[in-house]
Amino acid sequence: MARQGLAYRLYAGEANVNIIGRRKLWFLLAALLVAISIASISIKQFHLGIEFAGGTSFSVPAKVGDTELTQSEVSDAVERAIQAVDPGNEVGAAQRVGTAGGSPTYTVRASAMTAQQAEQAKTNLVEDLGVPAEQVSDDQVSAAWGGQVTRQALLGLVIFLVLVMVYLVVRFEWRMAVAALSSLLLDLIVTAGVYSLVGFEVTPSTVIGFLTILGYALYDVVVVFDKIQENTRGITASSLRTYNEAANLAVNQTLMRSLNTGLVALLPVGGLLFIGAGLLGAGTLKDLGLVLFVGMGFGVIASILFAAPVLTVLKDREPRIKAHTARVLARRAGARSGDVAPRGERTGRDANATVTDEAAPALASAAPRPGSRPTAKRNTNRTQRPGGAGNRPSGGTKRR
């Protein structure tokens, strides 16, 4: 039979990609990403939106009569109107946000202004663009509302993590709970770092996106851990493989499932980010789209390359797993030296091929036990004693 390709072996879980064995490399890459993310958050910080920093927003119709206003025209006009009354004000870019009376509108956000300054800027904007005054509106947003949203989001995050910890301890064990929470925190830090590097505004949609990716990342970690638990159940009673090898097999068996699930989930999110916000100019979608795209994509990677290796590090410290690993390695060392043939491994020409778990019991029953002496073959032919009782002479006469 021809050897199967890599794609087939990946789907069948037979590729045997050494993920657990390279855990030091994954930990080094994770530490590097965390360092870059923390540096970006500390130096660049976050670009807080008007909901968190406070400020003034102006809404302008995108169409005046039969004339369609462009995004740059609205941005320049609002900036001129605001700078005339408050020269030091920071004005953002115009965003196409929706419809008003059947016509799309642009929203421009600026730093906080007094009521008199906002009214004067609105008058200047009406005169500059020739827009009816009743179609231009301004809105004052206090930073206190953003602080309240932040506190509620942090409270929700803490409650979520506590519930996750309790569930994973009950469903699996505390080591898996610690590994899963480490993966979730890594996903949050890296996503926040990317958001800081890109420089998008932090809005309530951003906070919602961060809470959403936690649930998705947890789902993928649970899938991987469930397979690890299945492969390692009763592993100390066998000498076929170590805990790390069984965990690596489980990761390989769920690898394509995780990648396919992540790809299917990223397709609509990518459309939301690149098509909706990038091509169509729906600015209110980019903050949510970026958080979901980075968080969901990295969550899949973290569940494979980080959560499972962290679990194996914690399990290696467990006395019974440590003793089991030493026993398996000792038997293999004995097999290589020719002293002991470990159960579940072929000898002779196929000595390097590992037998499956189903075939191991049969081979074990047929193979001699270590240290036992081979029994001599019993001679079924009796020794002829001349003249003995019950024996006939070889040349005797027949009775008539």
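Student: Which elements have the lowest and the highest mean pLDDT?
Tutor: This is a predicted model. Helix 12, residues 360–366, has the lowest mean pLDDT among the elements of the protein chain, at 38. Helix 2, residues 23–43, has the highest, at 95.

Student: Over which residues is the pLDDT below 50?
Tutor: Residues 340–400. Beyond near neighbours in sequence, that stretch has 29 contacts in the model.

Student: And what does the protein chain average?
Tutor: A pLDDT of 77. Of the residues, 77% score at least 70.

Student: How many helices and strands are there?
Tutor: Twelve helices and eight strands. The protein chain has 400 residues, and 38% of them count as buried.

Student: What about the surface?
Tutor: The accessible surface is about 23,400 Å². Carbon and sulfur atoms hold 58% of that.

Student: Switching to the inside. How many residues are in the largest nonpolar core?
Tutor: It has 61 residues. Those with the most contacts inside it are L168, L184, F225, I228, Y243 and M296.

Student: Which helices supply it?
Tutor: Helices 2, 6, 7, 8, 9 and 10 each give at least two residues to this core. Helix 10 provides the largest share, 14 residues.

Student: Take M296. What does M296 touch?
Tutor: Leaving out residues up to four places away in sequence, M296 touches I213, Y216, A265, L266, V269 and V291.

Student: What is in the second core?
Tutor: That one is separate and has 21 residues. F58, A77, V78 and V108 are among them.

Student: Where is A77 found?
Tutor: In helix 4, residues 71–85.

Student: Buried or exposed?
Tutor: A77 is buried, because its relative accessible area is 0%, and the cut-off for buried is under 20%. Helix 4 has other buried residues too: V74, S75, V78, A81 and I82.

Student: What does A77 touch away from its sequence neighbours?
Tutor: L125, D128 and L129, not counting residues up to four places away. A77 and D128 are 51 residues apart along the chain, and their C-alpha atoms are separated by 6.7 Å.

Student: How far does helix 4 reach?
Tutor: From first C-alpha to last, helix 4 reaches 22 Å with its 15 residues. That is close to the 21 Å expected at 1.5 Å a residue.

Student: And helix 8?
Tutor: Helix 8 has 29 residues and reaches 43 Å, close to the expected 42 Å. Just after helix 8, G234 takes a positive phi of about 70°.

Student: Now the other end. Where does T203 lie?
Tutor: T203 is in the loop between strand 8 (201–202) and helix 8 (204–232).

Student: Why does T203 count as buried?
Tutor: Because the relative accessibility of T203 is 6%, and buried means under 20%.

Student: What polar contact does the side chain of T203 make?
Tutor: The side chain of T203 pairs with the side chain of D287, at 2.4 Å. Setting aside neighbours within four places in sequence, T203 is in contact with E51, F52, R109 and D287.

Student: Last one. How much of the contact set comes from residues 24 or more positions apart?
Tutor: Take the contacts in the protein chain with a separation of 6 or more: residues 24 or more positions apart account for 73% of them.

Key
Residues are numbered from 1 along each chain as its sequence is written. This is a predicted model: local features need pLDDT of at least 70, side-chain atom pairs count only at pLDDT 80 or more; totals for chains, interfaces and linings use all residues. Side-chain values use heavy atoms; hydrogens and water are left out. Helices (H or I, at least four residues) and strands (E, at least two) are DSSP runs, numbered from the N terminus. Buried means under 20% relative accessible area, exposed over 50%, partly exposed in between (1.4 Å probe, protein chains only). A polar contact is a pair of N or O atoms within 3.5 Å; within protein, one must be able to donate a hydrogen and the other to accept it, and residues adjacent in sequence count only if both atoms are side-chain atoms. Contact means heavy atoms within 4.5 Å. pLDDT is the predictor's confidence in each residue, from 0 to 100. Accessible areas come from the Shrake-Rupley method with a 1.4 Å probe; for residues, only the protein chains shown count as cover. A nonpolar core is a set of buried Ala, Val, Leu, Ile, Met, Phe, Trp, Tyr and Cys residues joined through side-chain atoms within 4.5 Å. The expected span of a helix is 1.5 Å times one less than its number of residues.
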